[in-house]
Amino acid sequence: MSVSGTYDCVTKTPMGDQTSKFTVNADGGTFTGQNAGQMGSMDVEDGKVDGNKLTWKMNMTVPMPMTLDCEATIDGDALTGSVKAGAFGTFPMTGTRAG
């Protein structure tokens, strides 16, 4: 099963749960996409696919500029991963493939 798709995600952050739609467009060993939520939309940068494991970066601008280091594993329709926000630590991210 392809990792491509749109996932309804929740990231647990110190500012509360952040819901978003995470779009994955896989092409071989790389992917593009975006994570769109209450804080706006962030494009996937340097997206890599290794089997069912994704790694990527996103440049956050709100509430402050920061590069986020992200990873996730896709298991069927379930996404489990984490978002590392520099000195602020790592936050769990979960999601379900949208119908």
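Setting aside neighbours within four places in sequence, Gln 18 is in contact with Cys 9, Val 10, Thr 11, Thr 13, Gln 38 and Met 39, where contact means heavy atoms within 4.5 Å. Gln 18 sits in strand β2, which covers residues 16-27; strands here (E, at least two residues), like helices (H or I, at least four), are DSSP runs numbered from the N terminus. With a relative accessibility of 17%, Gln 18 counts as buried. Buried stands for under 20% relative accessible area, exposed for over 50%, and partly exposed for what lies in between, with a 1.4 Å probe and protein chains only.

A word on the basis of these values is in order. The model is a predicted one, in which local features need pLDDT of at least 70 and side-chain atom pairs count only at pLDDT 80 or more, while totals for chains, interfaces and linings use all residues. Residues are numbered from 1 along each chain as its sequence is written, and side-chain values use heavy atoms, with hydrogens and water left out.

The chain as a whole comes next. Nine strands and zero helices are found in the chain, giving the pattern β-β-β-β-β-β-β-β-β when read along the sequence. The C-alpha trace spans about 35 × 25 × 20 Å along its principal axes. The radius of gyration is 12 Å, which agrees with the value near 13 Å that a compact globule of 99 residues would have; this radius is taken over C-alpha atoms, and the globule rule is 2.2 Å times the number of residues to the power 0.38. Of the 99 residues, 34% count as buried. Among contacts between residues at least 6 apart in sequence, 25% join residues at least 24 apart. The chain carries 7 positive and 11 negative charges, whose mean positions are 4 Å apart. In this count Lys and Arg are positive and Asp and Glu negative, while His and the chain ends are not counted; each charge is placed at NZ of Lys, CZ of Arg, CG of Asp or CD of Glu.

A search of the whole structure finds three aromatic pairs. One of them joins Phe 22 and Phe 31 in an edge-to-face arrangement, with 6.3 Å from centre to centre and 85 degrees between the planes. Rings of Phe, Tyr and Trp (its six-membered ring) pair if their centres lie within 6.5 Å, and planes under 30 degrees apart count as stacked, over 60 as edge-to-face and the rest as tilted. Phe 22 is buried at a relative accessible area of 0%, and Phe 31 is buried at 3%. The ring of Phe 31 also pairs with that of Trp 56: the centres are 5.8 Å apart and the planes stand at 75 degrees, so this pair is edge-to-face. Because Phe 31 lies in strand β3 (residues 30-37) and Trp 56 in strand β6 (residues 53-60), the pair ties together parts that are 25 residues apart in sequence. Trp 56 is likewise buried, at 3% relative accessibility.

Beyond its neighbours within four places in sequence, its contacts are Phe 22, Phe 31, Thr 32, Gly 33, Gln 34, Trp 56, Lys 57 and Met 58. Val 44 belongs to the loop between β4 (40-43) and β5 and is buried, at 11% relative accessibility. Its C-alpha atom is 6.0 Å from that of Lys 57, a residue 13 places away in sequence.

Strand β5 (residues 45-50) includes Asp 46, a residue other than glycine with a positive phi near 55 degrees. Asp 46 is partly exposed at 48%. Lys 48, in strand β5 as well, is partly exposed at 41%. The C-alpha atoms of Lys 48 and Phe 31 are 5.9 Å apart, across 17 residues of chain. Not counting residues up to four places away, Lys 48 touches Gly 29, Thr 30, Phe 31, Lys 53, Leu 54 and Thr 55.

From strand β6, Thr 55 contacts residues including Phe 31, Asp 46, Gly 47 and Lys 48, as well as Cys 70 and Glu 71. Thr 55 is partly exposed, at 30% relative accessibility.
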